[in-house]
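Please keep the sequence and the structure in view while reading.

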Amino acid sequence: MTDALCHLVVDGNEVLEFKLVRCIEDIENDDTSFGPEMCHQVFGDNEKIFGYTDLHIKLYYSAGSLQTYLGIEYTDKIEPSKSDGMKADDVEGALKKILAPGYVTNLDRFISLLAKDESFVPHGHLLHAFTVTPDDGGDKRTFEVYYSETSTPGFLAFHEQLQTFLLWYVDAACFIDVDDDQWNFFTVFEKYATSEGEWRYATAAYATVYRYYAYPRHARPRISQVLTLPPFRKLGLCAQLLQAIYSHFIILPEVVDITVEDPSQDFQRIRDYVDAKNCENLPAFQPAKLLQGFSTEMANQACSKFKINKKQARRVYEILRLKNTNTSDKTAYLAYRLVVKNRLNAPYQKKKLEMKKLQKVLSPEEYTATITAAGVNETQSRLASQYIALEYEYRRVIHRMEHC
């Protein structure tokens, strides 16, 4: 591409503007705008859009019912007849593939649709309500968590609009098959009062959970997608949402345990926090027992009380033991580090045993090549860096436990 055309290439993330509109004034208020974290799932791997001058893409949603407006503005667009047949990227075509049907491209029409939020109420039934006091000392804010299924009247149409946010904030996101009735949905709304004193709802976060079958007549719910919309982050909503999911499932006798599908680092940290807070008062996780090492009693109590699986219960044990370890005591701190490193080292030890078996059947040259490819000799440095990263994550969880 020539330098003369470079000004026609823009980063999609920089020209996209989102809003969750509560009132007409929000449309002109820059403080209500937010942007995407990624756009490769819509505009391609390089996240570039070609063919426009001063491109600005507006995706506005009504705060409650998520009525959608798409506005595409630019001062100039490349013409094939004047540029050797080069065409501008089809921006609306790309967005049409992911937006729910019924979006509008006329701003006045969108403004008229805002009235729908006056009568909007969340779908499903109320599971949990809580208040949050912002760190900046603002007024308390009220939130509610609702549970829905694919059969909940009106929910799937709402979900079709809500799920579009995933593509801008969750890597490798995909839309779920809503024809499968094993999907469950947990949605967080802010309940707020208008200047006239009327109650309204604003969509804030949501999670999808799939109920996997477990033999013979049991279920293993797996948390699949979790998203807090940017205007509602740093308020502790995800932890409250996760706790609401737990509260819904732990009372069901058919549920074996609750798992998470490919958790991001941020979500794993929240999960660790919630699980550690929940288990901290269980008899098996008291300080004296933590010093004795991870036990079957810990795994059983975590599972029976909170449906936490054994692998996650082990993480909870390590977090709570670190929390109760005086790291100024060299002996105690060394004992803790060895416990964690032994767990981290277990897969490498298994690999070493496999390598010893291979040594008997391979030539020296083949064995050396195999060891190099498998990275066996890098075990110690890898283990050290793994441990440092893990303890850093654990300390972040503990800090939150001590300050929330």
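## The sheet and the helix packed on it

Six strands form an open sheet in the order S9-S10-S11-S12-S13-S14, with mixed pairing, where strands are DSSP runs of E with at least two residues, helices are runs of H or I with at least four, both numbered from the N terminus, and two strands pair if DSSP finds at least two bridges between them. Strand S9 (125-132) and strand S14 (259-260) are at the edges with a single partner strand each, so one side of each lacks a neighbour in the sheet. S9 and strand S10 (residues 141-149) run antiparallel and are joined by seven bridges; Phe130 has Phe143 in S10 as its bridge partner. Helix H5 packs on the sheet, touching S10, strand S11 (183-193) and strand S12 (199-214), and its direction makes about 80° with that of S11 (axes are lines fitted to C-alpha atoms, for helices over the stretch in contact, with angles from 0 to 180 degrees between N-to-C directions).

The model is predicted, so local features need pLDDT of at least 70 and side-chain atom pairs count only at pLDDT 80 or more, whereas totals for chains, interfaces and linings use all residues. Residues are numbered from 1 along each chain as its sequence is written, and side-chain values use heavy atoms, with hydrogens and water left out.

## Arg200 in strand S12

Arg200 is found in strand S12 and counts as buried at 11% relative accessibility (buried means under 20% relative accessible area, exposed over 50%, partly exposed in between, with a 1.4 Å probe and protein chains only). The side chains of Arg200 and Glu198 are joined by a polar contact of 3.0 Å, a term for a pair of N or O atoms within 3.5 Å; within protein, one must be able to donate a hydrogen and the other to accept it, and residues adjacent in sequence count only if both atoms are side-chain atoms. Setting aside residues up to four places away in sequence, Arg200 touches Asp117, Glu118, Glu190, Lys191, Tyr192 and Thr194, where contact means heavy atoms within 4.5 Å.

## Thr164 in a loop

Thr164 lies in the loop between helix H5 (155-162) and helix H6 (166-169), and counts as buried at 1% relative accessibility. Its side chain makes a polar contact with the side chain of Tyr61 (3.0 Å) and reaches the backbone oxygen of Gln161 at 2.7 Å. The C-alpha atoms of Thr164 and Leu99 are separated by 6.2 Å, although the two residues are 65 residues apart along the chain.

## Helix H7

Ten of the 13 residues of H7 are buried, so this helix is largely enclosed by the rest of the structure; among the buried residues are Leu237, Tyr246 and Phe249.
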